[in-house]
Amino acid sequence: MSPGPTVPALGPPPRRRSGRWWLLPVTAGAVVLSATVALATNGDLPGRPATVASGAASHDAGLGPAAPGARPTPSGSQGFGSNPSPSVSPSPSASGGASDGGFPGGRATLPGASIHLLSGESFSAALARSDRAYGPLRMVRVFYPGLPPAWRGSRADVADRTVVVSFKAAPAEVAAGRHDSRLAAWFASVPRDLDVYWSYFHEPEDDIARGAYTSAQYRAAWQRLARLADRAGNARLRSTLILMCWTLNPRSGRTFAHYWPGGDAVDVLGWDCYNSGGKYGRYTAPEQVFGPMIAKSRALGKPWGLAETGSLRIPGDTGAGRAAWIRAMSRYLNDQRPLWVAYYDYQVPDGDFRLTDAPSREAWRAWCAAA
């Protein structure tokens with residue numbers, strides 16, 4: 001589609017914040033209002049290409065005022081942890097038993113889960129249901145299929161806690177500045193008393209592969225957006241590039257650099273990683289699932305989080321085996337100290353990741369509810 005009118009350049013990229021953030025301690029009393037929810041839209045489901053949405057139709061939507069207040073940001077070194085230890089248990093089998101009790105030791109990150117809306121259910125009701133199920137959860141994952149709506153009254157606003165929010169618009173349009181005023185106003189409206197991780201066009205890899213837009217257009221759009229976001233002067237507004245862990249697998253045939261807009265444009269790396277061992281009748285060890293993206297994040301010197309993760313329940317497993325994998329995963333990831341981890345509690349055409357069985361549900365709840 002047309003890139004829109006030519007607009008003046010925004011100038012050279014500003015120097016990003018140093019990335020040496022400190023991660024605030026998480027205590028049970030401090031997270032009563034925290035949660036993680038991923039509300040999928042059609043283009044956000046695993047295995048489906050996303051639609052390139054133009055925001056022209058809603059260009060004049062109100063964006064809401066900025067909120068007062070500010071707080072220092074956490075340290076990038078905390079995003080990786082010091083001397084990360086390997087998983088303390090092997091990959092569980094389908095018959096692996098589940099152990100009762102809470103998560104051992106303290107929790108060092110913000111865990112949570114995605115949530116599907118039941119028929120006729122509002123976002124706030126679904127969020128409350130997820131909070132009740134998991135104890136409550138610690139941050140919110142929000143997907144927008146196009147440009148972000150007005151902050152006030154939006155799902156990100158309703159969450160009223162740490163949020164990872166992604167939006168979409170044609171990269172050629174964004175790079176040409178067609179949506180500058182709309183997005184600059186949205187960045188300025190983001191509250192200053194919440195941690196908000198914004199992501200542009202999460203999981204772009206399949207779209208680029210099918211020719212929806214080019215990698216050069218994607219990187220240029222990211223660079224422009226980062227400059228717009230920095231103009232808001234909000235230290236708790238953090239640019240978050242979200243890619244598939246599959247992209248780091250040599251068998252994918254992909255090159256990470258194609259999607260990397262540069263360290264000046266990215267504060268945080270987000271990853272979508274799934275346990276694909278179920279197709280082979282086993283649960284893959286957490287270090288094998290997550291190790292490559294942790295190493296890549298560390299090599300780039302960026303804090304990181306898991307925007308989506310999950311596992312199908314393999315045939316013959318009553319849930320005890322997946323629960324054992326979830327406990328091993330939570331222990332392993334807790335040692336690595338990501339900023340946040342969101343379980344993708346959702347059913348898609350390729351399978352059901354929902355934690356509908358009691359052992360799996362309680363295993364994830366144990367980490368979410370830990371102090």
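Me: What volume does the largest pocket have?
Reply: About 1100 Å³. Keep in mind that this is a predicted model.

Me: Which residues are closest to the centre of that pocket?
Reply: Trp246, Tyr274, Asn275, Ser276 and Lys279. They belong to a lining of 28 residues.

Me: Which elements give two or more residues to the lining?
Reply: Strand β7, residues 268-275, and helix α7, residues 286-300. The largest share comes from β7, with four residues.

Me: And how do the lining residues divide into nonpolar, polar and charged?
Reply: 12 are nonpolar, nine are polar and seven are charged.

Me: Are Cys245 and Cys273 buried or exposed?
Reply: Both are buried. Another buried cysteine is Cys368, with a relative accessible area of 0%.

Me: New topic, helix α1. How far apart are its end C-alpha atoms?
Reply: 16 Å. The helix has 12 residues, 123-134, and at 1.5 Å a residue it should span 16 Å, so the two values agree. The expected span uses 1.5 Å times one less than the number of residues.

Me: Which residues of α1 are buried?
Reply: Phe123, Ala126, Leu127, Ser130, Asp131 and Tyr134. They cover an arc of only 140° around the axis, so they sit on the same side of α1.

Me: Why would that spacing give one side?
Reply: An α-helix has 3.6 residues a turn, so residues three or four places apart point the same way.

Me: What follows α1?
Reply: Gly135, with a positive phi near 105°. Gly135 is then joined to Pro136 by a cis peptide bond, with omega about -20°. Pro136 is in the loop between α1 and β3 (140-143).

Me: Which residues have a positive phi without being a glycine?
Reply: Phe201 is one, with phi about 45°. Glu203 is another, at about 50°. For context, most residues other than glycine have a negative phi, and most peptide bonds are trans.

Me: Where are Phe201 and Glu203 found?
Reply: Phe201 is in the loop between β5 (196-200) and α5 (205-209). Glu203 is also in the loop between β5 and α5.

Me: Buried or exposed, for Phe201 and Glu203?
Reply: Phe201 is buried, at 0% relative accessibility. Glu203 has a relative accessible area of 16%. The cut-off for buried is under 20%, so Glu203 counts as buried.

Me: Last one, Leu228. Which helix is that in?
Reply: Helix α6, residues 215-231. Leu228 is buried, with a relative accessible area of 4%.

Me: What separates the C-alpha atoms of Leu228 and Ser181?
Reply: 9.2 Å. Along the chain, Leu228 and Ser181 are 47 residues apart.

Technical notes: Residues numbered from 1 in each chain as written. Predicted model: local features only at pLDDT ≥ 70, side-chain atom pairs only at ≥ 80, totals over all residues. Heavy atoms only, no water. 1 Å grid on protein atoms, 1.4 Å probe; cavity = no way out; pocket = protein on both sides within 12 Å on 5 of 7 lines; lining within 4 Å. Points joined across faces, edges and corners; volume = space filled by probe spheres on them. Nonpolar A, V, L, I, M, F, W, Y, C, P; charged D, E, K, R; others polar. Buried < 20%, exposed > 50% of the residue type's maximum accessible area, 1.4 Å probe, protein only. Arc of directions from axis to C-beta.
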